[in-house]
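Dear colleague,

Please find below the structure that I am handing over to you. My notes on what was found in it follow directly after.

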Amino acid sequence: MVTSPSSVPRLVVAAPSSGSGKTTVATGLMAAFAARGLAVSPHKVGPDYIDPGYHALATGRTGRNLDAYLCGPELIAPLFLHGARGCDLAVVEGVMGLYDGAAGEGELASTAQVAKLLGAPVVLVVDASAQSRSVAALVHGFASWDPGVRIGGVILNKVGSDRHEALLREALESCGVPVLGALRRAEPVNVPSRHLGLVPVAERRAAAVDSVAAMADLVVRGCDLGALEALARGAGAVPGGAAPWTPGSPTHDHPSRSVERRGSKPVVAIAGGEAFTFSYAEHAELLAAAGAEVVTFDPVRDERLPEGTRGLVIGGGFPEVYAGELSANEPLRKAVADLAYSGAPVAAECAGLLYLCRELDGQPMCGVLDATARMTDRLTLGYRDAVAVGDSALAAAGTRMRGHEFHRTVVEPGAGAAPAWGVRAPVRRVEGFVQHGVHASYLHTHWASEPGVARRFVERCRTS
């Protein structure tokens, strides 16, 4: 039975630290519940783009992010309710350790904060591979640290044997936190990783299907799904009376626009395929709500942009892995360059920035920007506060947004004559490029926090 979005049954899957098995358990739970015939809404805390791809594979629904830093705490419940429309149950995978959030910002953007904002019980996944009785102290500490966080149960991961499981369960009897599952070590559920985390689903779809099936099988064999579902159903209504987020309506946003103009939808092409897998679903929804016809294209395989393209959005991904294929697709590189030089709006983030450079690791790219890009050994990672330095197709000067950087590449120079953003931390600097209709930057942003950027972008598509 489909429930009201405001009271959708829900669980948050968290852990004491990264590497404990959150993704395995969360994805396995999603797939196991879906196999029972439930419509499962998948969510991920934080800016991660890759885990939601596995969540989507497990549930058949779009994986969505809940990031209190990028979007603000006030949007967490509305975005959750938007994603959970029409669902029987929601599973939210946490980020890092339960209480880890944005550096120096207290609980902001932590799994614990999101759990409290959603009024959701937490299932703590504990890597028990190197402990027995000490597990009780660990779970007691996490359960008592913040009274606003309800630890509804524990799933023991990487349990070595029946004897090991018995010792763990005995130790936890005094904690008052029920054990809802015990998972043995299992090689088939391992997902390959590289320099920025797991390999995305789009790059290994057949193998990813097998991995998700193995996760589901592990969870079904090792967890009490009935107890987990009962825990989710006891969550009650989302606190605060929040309503589902909506991307809005172009009619409401532009009441004076003529019927004829409303009927003319500019085509906005969004890069996809294996090389460009990082995208928030809300961006396409906002563009569509602003009056665009949103079409996806693959820069590796498609030799032409979609018919009638008036604007281009190139998000994040792994162009460094596909530099050879992207470079070899000269017809599309030329089409992108021609569109950019025409003054059409182009919004490029991280991977998109690299694609617009003259070259990436010595291989020719689109040549829109007078800059080169290359891989390095250094990881750049963290949230950023940013302000638009000047006017662009994406933002008016002075627009403030929060972003996230996550890359092992460097672009030289790091900013053009007209930079995209002024960034305050970790050091004050300008970065990115604004030229003609192009806005290119390393920062990943979530447009739901500032929906005006999508409306501005589509309006520029109409008039450019």
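In which loop does Met-96 lie? Met-96 is found in the loop between β4 (89-93) and α5 (111-118), where helices (H or I, at least four residues) and strands (E, at least two) are DSSP runs numbered from the N terminus.

Before the remaining findings, a word on conventions. This is a predicted model, in which local features need pLDDT of at least 70 and side-chain atom pairs count only at pLDDT 80 or more, while totals for chains, interfaces and linings use all residues. Residues are numbered from 1 along each chain as its sequence is written, and side-chain values use heavy atoms, with hydrogens and water left out.

Backbone geometry

Most residues other than glycine have a negative phi, and most peptide bonds are trans. Met-96, although not a glycine, has a positive phi of about 50°. Met-96 is partly exposed, because its relative accessible area is 36%; buried means under 20%, exposed over 50%, and partly exposed in between (1.4 Å probe, protein chains only). Ala-109 also lies in the loop between β4 and α5 and has a positive phi, of about 75°, without being a glycine. With a relative accessible area of 4%, Ala-109 is buried. Elsewhere, Glu-412 and Pro-413 are joined by a cis peptide bond with omega at about -5°. Pro-413 is located in the loop between β17 and β18 (421-423).

Domains and cores

The chain is divided into domain 1 (10-234) and domain 2 (267-463), with bounds that come from an automatic or database domain assignment. Taken over C-alpha atoms, the domain centres are separated by 32 Å. The contact between them (heavy atoms within 4.5 Å) takes 23 residues from domain 1 and 29 residues from domain 2.

A nonpolar core is here a set of buried Ala, Val, Leu, Ile, Met, Phe, Trp, Tyr and Cys residues joined through side-chain atoms within 4.5 Å. The largest such core has 113 residues, of which Phe-80, Leu-98, Leu-228, Leu-287 and Trp-447 touch the most other members. Helix α1 (residues 22-35) gives the most to this core, namely seven residues. Both domain 1 and domain 2 supply at least three residues to this core. Residues up to four places away in sequence aside, Leu-287 touches several residues, including Val-268, Val-313, Trp-447 and Phe-457. A second, separate core holds 39 residues, among them Phe-276, Val-300, Leu-339 and Ala-440.

Aromatic and charged side chains

The structure holds eight aromatic pairs. Rings of Phe, Tyr and Trp (its six-membered ring) pair if their centres lie within 6.5 Å; planes under 30 degrees apart count as stacked, over 60 as edge-to-face and the rest as tilted. Tyr-49 and Tyr-280 are stacked, because their ring centres are 4.6 Å apart and their planes are at 25°. This pair links distant parts of the chain, 231 residues apart: Tyr-49 is in the loop between β2 (40-45) and α2 (51-59), and Tyr-280 is in the loop between β10 (267-271) and α12 (281-289). Both Tyr-49 and Tyr-280 are buried. Phe-276 and Tyr-355 form an edge-to-face pair, 5.6 Å centre to centre with 65° between the planes. Phe-276 lies in the loop between β10 and α12, whereas Tyr-355 belongs to helix α15 (residues 351-356), 79 residues apart. Phe-276 is buried at a relative accessible area of 3%, and Tyr-355 is buried at 0%. One aromatic cluster is formed by Tyr-49, Phe-278, Tyr-280 and Phe-318.

Arg-402 lies over the face of Tyr-69, at 4.0 Å from the ring centre; the criterion is NZ of Lys or CZ of Arg within 6 Å of the ring centre and within 35 degrees of the ring normal.

Cysteines

How many disulfides does the structure hold? The structure holds zero disulfides, a disulfide being a pair of cysteine sulfur atoms within 2.5 Å. For Cys-223, the nearest cysteine sulfur is that of Cys-175, 18 Å away. Cys-223 counts as buried at 10% relative accessibility. For Cys-366, the nearest cysteine sulfur is that of Cys-357, at 9.5 Å, and Cys-366 is buried with a relative accessible area of 8%.

With kind regards
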